[in-house]
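Visitor: I am new to this structure and would like to learn how to read its features. Could you take me through them slowly?

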Amino acid sequence: MPDSQRTVVRDPAVLALGHGLFNLAGGTWPLVSMRSFEWFFGPKRDRWLQRTAAALLASAGWSQLRAGTSPDGLEHARRIGLCTATTLLTIDVVYFARGQIKWTYLLDGVAEACWIAAWLQADVPKDRSKKRK
């Protein structure tokens, strides 16, 4: 990969935008079309719970998009990104292994693992002027 592409991938503002859009789209999908979502991921017993999880994912994506480009904003987007991706990856792997969800969730698991790797390699600036208590 050329250095210019590697730099873009490590840019936390680019990651916040990309991951925020990914989470917003993923959360919005079952709210807009439960039928196509269930076709791809399988039928859901408790649609109210699926809609709740979807709205939370969309909220996380929106928060990443609105975090801003200050050091604090980018660190906020990174924390949301890492926590969301780790949670979804864990759910994808554990519940697929138990035979409770369709194999297509592993596709999401691969995407979540990529987001985790990207955030861990990102050049998130630290605001050294603040001291945590």
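Visitor: Which helix gives the most to the lining of the largest pocket?

Guide: Rolling a probe the size of a water molecule over the atoms shows where empty space is left. Here H4 gives the most to the lining of the largest pocket, with 7 residues, where helices are DSSP runs (H or I, at least four residues) numbered from the N terminus. A pocket is an open set of points on a 1 Å grid over the protein atoms alone, where a 1.4 Å probe fits, with protein on both sides within 12 Å along at least five of seven lines, and lining residues have an atom within 4 Å of a point. This is a predicted model, in which local features need pLDDT of at least 70 and side-chain atom pairs count only at pLDDT 80 or more, while totals for chains, interfaces and linings use all residues. Residues are numbered from 1 along each chain as its sequence is written, and side-chain values use heavy atoms, with hydrogens and water left out.

Visitor: How many residues line the largest pocket, and which lie nearest its centre?

Guide: The lining has 32 residues, and Lys44, Gln50, Ala53, Ile91 and Tyr105 lie nearest the centre. By class, the lining holds 18 nonpolar, 7 polar and 7 charged residues; Ala, Val, Leu, Ile, Met, Phe, Trp, Tyr, Cys and Pro count as nonpolar, Asp, Glu, Lys and Arg as charged, and the others, Gly among them, as polar.

Visitor: At what angle do H2 and H3 pack?

Guide: Two packed helices are described by the angle between their axes and the distance between the axes. H2 and H3 pack at about 115 degrees with their axes 5 Å apart, the axes being lines fitted to C-alpha atoms over the stretch in contact, and angles running from 0 to 180 degrees between N-to-C directions. H2 and H3 are therefore roughly perpendicular, since angles of 65 to 115 degrees count as such, under 35 as roughly parallel, over 145 as roughly antiparallel and the rest as oblique. Their contact (heavy atoms within 4.5 Å) involves Trp29, Pro30 and Val32 of H2 with Met34, Ser36, Phe37, Phe40 and Phe41 of H3, and its residues divide into 7 nonpolar, 1 polar and no charged.

Visitor: And how does H2 pack with H6?

Guide: For H2 and H6 the angle is about 160 degrees and the axes are 11 Å apart, and the two helices are therefore roughly antiparallel to each other.
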